[in-house]
Amino acid sequence: MKNAKLWIIVAAVIFIAAIVWCVIIITKPPGEIVTISQDGETLYTLDLSEESDRTITVEYEGRENVIEIKDGRIHMLEADCPDHTCINTGWLEDLPIVCLPNKLVIEFADESGADAVAR
Amino acid sequence: MKAKRLALLGLLTTIALIIFVVELRIPNIAPVPGMKLGLANIVTVYAVYHCTAKETALILFTRIILGSLFGGNMLALLYSLGGGIMCLLGMLLLRKVIDEKHIWVCSVLGAVLHNIGQIIVAAAVMQTAAVITYLPFLLVSGCVAGLLTGLCAQLLTSRINLNDF
Ligand SMILES: [Zn+2]
């Protein structure tokens, strides 16, 4: 039985749910605790409010990623990846900075976890 | 497979490849990995409704593999395949419940499945759930892009009948 109406409703619900989900992510206040992980392993856990300006170099199979911390913010400064999406993401805000080719992720730690560390 | 049919499938694949290569030239404005229009899927959606499941799979996978070679980005191949398989299976099932007048709905849902497939592959490769944060953004753009490609495919459907060839 063909019932296109049902599937139009399904598509509309997915679309609206996705927009709401986006808004939730964008309006979520940024944390201070940042983790840098590669291939599922956490390399660094940093408290941005206490970090001084510096760069961190992470290597993956001969390719390098340079992460810069400046004025309590963090971003990908240089990367040996073909797409440079990680650099174009800019400073870490709502979305995690992901370098797919080099399997590197910079993200805010879970809020509840960050609070637990702070206390 | 008849020679005529084979030539027709080759033609569809070539059209998809050309669209794909042209789209590679359009710079990615959003800093979200994997976000794109996916105009080559006009051919995929069209094929879902006019070719057999096997033929559609042939067109899609030939385009994905050759497209990655032409684009020089073999790293993207894995993500395209993950998304492509999900999208294809989903649309072949939806073809049974969505009629030809609503191809655009099938296309939108196919795009949604494509995005979910991409994220599953990314999460598995990167060993992190962090990439799921990208899913809602991909879904919003995917729905809009899917609607666009679906409407294009629908326009073609009413004008080109493969049996005429
Ligand atoms: Zn990168």
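Q: In this predicted model, which residue of β5(A) is the bridge partner of A:Ile69?
A: The bridge partner of A:Ile69 in β5(A) is A:Ile74.

Q: How do you know that strand β4 (residues 63-70) of chain A and β5(A) are paired?
A: Pairing requires at least two bridges found by DSSP between two strands, and six bridges join β4 of chain A to β5(A), the two running antiparallel, so they count as paired.

Q: What makes β3 (54-60) and β5 of chain A edge strands?
A: In the open sheet of three strands, whose order in chain A is β3-β4-β5 with antiparallel pairing, β3 and β5 each pair on one side only. From one strand to the next, the twist averages 25°.

Q: Why are A:Cys81, A:Cys86 and A:Cys99 called donors of the zinc ion?
A: An S atom counts as a donor within 2.8 Å of the metal, and the SG atoms of these three cysteines coordinate the zinc ion at 2.2 to 2.3 Å, so they meet the cut-off. Along the sequence, the donor residues follow the spacing C-x4-C-x12-C.

Q: What makes A:Cys99 buried or exposed?
A: With a relative accessible area of 1%, A:Cys99 is buried, since the criterion is a value under 20%.

Terms used. Residues are numbered from 1 along each chain as its sequence is written. Chains are lettered from A and ligands numbered from 1 in the order in which they are written. This is a predicted model: local features need pLDDT of at least 70, side-chain atom pairs count only at pLDDT 80 or more; totals for chains, interfaces and linings use all residues. Side-chain values use heavy atoms; hydrogens and water are left out. Donors are N, O and S atoms within 2.8 Å of the metal (3.2 Å for Na, K and Ca); water is not among the atoms, so sites may look incomplete. Buried means under 20% relative accessible area, exposed over 50%, partly exposed in between (1.4 Å probe, protein chains only). Helices (H or I, at least four residues) and strands (E, at least two) are DSSP runs, numbered from the N terminus. Axes are lines fitted to C-alpha atoms, for helices over the stretch in contact, and angles run from 0 to 180 degrees between N-to-C directions.
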